[in-house]
Amino acid sequence: MKDSTLLFRSLATIVFIVGIAHLASYASQKDDINYNYQESIDSNQKSVFPEDGKSKSNNNPETDYIIGKWKVNYNIEDFNGSVFYNIKKEGKYFNAYTYQYQDKNGNTEKAEGLKTLIIKSFDGYQGKGVYTIEYEQQQYQVDCQIDMVDENTFKLSYDYYGYSDVESWKRQ
């Protein structure tokens with residue numbers, strides 16, 4: 001076999017192996033937040049109608065006060081304004097969806113309704129969840145901490161590979 005043929009076959013094999021490894025690492029980083037959420041609900045879901053016909057209440061007044069509309073102000077390079085979120089209880093989790101954007105001049109625009117926050121545990125004072133952040137047109141799901149300041153304000157904090165932030169969410 002010629003040396004040039006051997007060289008080209010070796011290079012093709014290396015490119016193929018590196019491509020597969022790159023594809024696998026990219027696929028593992030792209031967690032679909034809605035898929036993971038739905039999968040966990042399906043595996044843990046119980047009927048809200050017991051056999052005796054009486055409905056079980058999934059309400060908890062100690063934690064459900066977080067449900068509602070919230071506003072977060074941002075003053076960053078890409079956006080100077082506010083994002084409005086609607087927190088809903090779905091199963092055993094609280095989920096926050098975007099519903100409106102507002103620029104610094106007060107002009108508003110309807111949001112896409114993206115699920116941005118999943119609060120997986122919340123005791124009425126503190127919670128833990130997964131927050132979706134965007135950096136350079138890429139979305140990342142990061143672990144976050146929720147600390148209630150009062151019934152109308154909470155602090156959402158996260159640290160992702162050295163990029164950390166604390167956001168103040170205010171009830172609307």
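Two strands are taken to pair if DSSP finds at least two bridges between them, and strands themselves are DSSP runs (E, at least two residues), numbered from the N terminus. The structure is a predicted model, in which local features need pLDDT of at least 70 and side-chain atom pairs count only at pLDDT 80 or more, while totals for chains, interfaces and linings use all residues. Residues are numbered from 1 along each chain as its sequence is written, and side-chain values use heavy atoms, with hydrogens and water left out.

Strands E7 and E8 form a hairpin with two residues between them. Strand E7 spans residues 138-150 and runs antiparallel to E8 (residues 153-160), to which six bridges join it. Within this pairing, Cys-144 is opposite Tyr-158 of E8. Strand E7 also pairs with E6 (residues 126-135) in the antiparallel sense, over 10 bridges. Here Tyr-131 faces Val-142 of E7 as its opposite residue. The hairpin of E6 and E7 likewise has two residues between the strands, and Glu-136 adopts a positive phi near 50° in it.

Aromatic pairs (ring centres of Phe, Tyr or the six-membered ring of Trp within 6.5 Å; planes under 30 degrees apart stacked, over 60 edge-to-face, the rest tilted) number 11 in the structure. Phe-94 and Phe-122 make an edge-to-face pair, at 6.1 Å centre to centre and 85° between the planes. Because Phe-94 belongs to strand E3 (residues 93-103) and Phe-122 to strand E5, this pair ties together parts 28 residues apart in sequence. Phe-94 is buried (under 20% relative accessible area; exposed is over 50% and partly exposed in between, with a 1.4 Å probe and protein chains only), its relative accessible area being 4%. Phe-122 is buried as well, at 13%. The pair of Tyr-131 and Tyr-158 is tilted, since the ring centres are 5.6 Å apart and the planes lie at 45°. With Tyr-131 in E6 and Tyr-158 in E8, the pair ties together parts 27 residues apart in sequence. Both tyrosines are buried, and both belong to one aromatic cluster that includes Trp-70, Tyr-85 and Trp-169.

Thr-116 lies in strand E5 (residues 115-122) and is buried, at 9% relative accessibility. Contacts (heavy atoms within 4.5 Å) of Thr-116, not counting residues up to four places away in sequence, include Tyr-85, Val-130 and Tyr-131.

Methods. Helix = DSSP H or I, 4+ residues; strand = E, 2+ residues; numbered from the N terminus.
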